[in-house]
Amino acid sequence: MTEPSKTRTSFYRRLYVAHLISQGTDTIPAIMVATGMPRRTAQDTLAALAELDILCAFEQTEGARHLQGHYRISDWGPINPDWIAANLPVIKETLGYP
């Protein structure tokens, strides 16, 4: 099998992070644990979701101190989350995630 393109891995990484958020792995530390990504890569991937028209925002926990909360997807835009779930094994294999 040939190496996947940078475009494909970048796209799949964004889809996988969006999937994780929708399944409750919705903080930067949790995403880092689930994927092995460095903090900056996780942050950059979250920021890049908007490029796919996936609306994802940080929600502060009521009454919590600064920056305590989680991310939530409010709109998937043109992306079908059922497709992501159905193709999760291929996405994870392409990205080298367990």
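The questions below ask how the labels on some residues of this predicted model were reached.

Residues are numbered from 1 along each chain as its sequence is written. In this predicted model, local features need pLDDT of at least 70 and side-chain atom pairs count only at pLDDT 80 or more, while totals for chains, interfaces and linings use all residues; side-chain values use heavy atoms, with hydrogens and water left out.

Q: Why is Asp-53 called partly exposed?
A: Its relative accessible area is 48%. Buried means under 20%, exposed over 50%, and partly exposed in between (1.4 Å probe, protein chains only), so Asp-53 is partly exposed. Asp-53 also has a positive phi of about 65° although it is not a glycine.

Q: What makes the pair of Phe-11 and Tyr-12 tilted?
A: The ring centres are 6.3 Å apart and the planes stand at 40°. Rings of Phe, Tyr and Trp (its six-membered ring) pair if their centres lie within 6.5 Å; planes under 30 degrees apart count as stacked, over 60 as edge-to-face and the rest as tilted. The pair is therefore tilted.

Q: Which parts does the pair of Tyr-16 and Tyr-97 tie together?
A: This aromatic pair is tilted, at 5.4 Å centre to centre and 35° between the planes. Tyr-16 lies in helix H1 and Tyr-97 in the segment after H5, so the pair ties together parts that are 81 residues apart in sequence.

Q: How do you know that Tyr-16 is buried?
A: Its relative accessibility is 6%, so it counts as buried.

Notes: Helix = DSSP H or I, 4+ residues; strand = E, 2+ residues; numbered from the N terminus.
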